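Please keep the sequence and the model in view while reading.

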Amino acid sequence: MENTLIWFGHSSYFLQVDGKNILIGPVLSGSASPFSFSIKAFKGADVYAYEDIPEIDYLFITHDHWDHLYYKTMMALKPKFKKNICGLGVGAHLEHWGISKEIIFETDWNDMVLLDEGFVSHTTPARHFSGRGFNETKHFGLPLF
């Protein structure tokens with residue numbers, strides 16, 4: 001299998017690296033707010049639908065803005081991902097939605113996570129706040145493999 005990178009627009013990516021499927025920041029709902037009639041996702045960011053996404057080895061949620069951590073998206077992807085790597089505070093949303101704690105890897109800046117033999121993720125600081133409304137948390141930048 002050839003290594004592949006697909007940019008979904010905005011800051012969403014699908015990668016195939018050494019036989020592993022990696023999804024980063026999935027914006028698949030068309031909306032960047034909890035209300036579909038409100039703020040729309042960036043043009044082209046939602047070209048792919050939930051059913052287009054294959055089984056995912058590692059799902060990275062970089063922050064909890066509505067477009068990157070949308071309930072409907074997470075529920076549609078829930079049976080497809082094996083491990084979820086997210087920033088501090090994001091895991092609470094996932095657990096609340098019924099995603100098993102055993103597959104959530106909540107990370108701080110400059111953390112290292114051994115995902116599988118030969119797959120390590122290093123999280124880095126980024127200058128972009130995370131939060132929904134009045135609840136603001138840190139988030140990390142794109143993973144470095």
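## Ile85

Ile85 sits in strand S5, which covers residues 81-87. Strands are DSSP runs of E with at least two residues, numbered from the N terminus. Ile85 has 0% relative accessibility and therefore counts as buried; buried means under 20% relative accessible area, exposed over 50%, and partly exposed in between, with a 1.4 Å probe and protein chains only.

## Basis of the model

The model is predicted: local features need pLDDT of at least 70, side-chain atom pairs count only at pLDDT 80 or more, and totals for chains, interfaces and linings use all residues. Residues are numbered from 1 along each chain as its sequence is written, and side-chain values use heavy atoms, leaving out hydrogens and water.

## Salt bridges

How many salt bridges does the structure hold? There are 4 salt bridges, each defined as a side-chain nitrogen of Lys or Arg within 4 Å of a carboxyl oxygen of Asp or Glu. One of them joins Lys82 and Glu55, with the closest N and O atoms 3.2 Å apart. Lys82 is in strand S5 and Glu55 in the loop between S3 and strand S4 (56-61), 27 residues apart. Lys82 is partly exposed at 44%, and Glu55 is partly exposed at 47%.

Asp116 pairs with Lys20, the closest N and O atoms being 3.6 Å apart. Asp116 is in strand S7 (residues 112-116) and Lys20 in strand S3 (residues 20-24), so this pair ties together parts 96 residues apart in sequence.

Asp116 also forms a salt bridge with Lys83, at 3.1 Å between the closest N and O atoms. Lys83, in strand S5, is 33 residues from Asp116. Through shared partners, Lys20, Lys83 and Asp116 form one network.

Methods
Helices (H or I, at least four residues) and strands (E, at least two) are DSSP runs, numbered from the N terminus.
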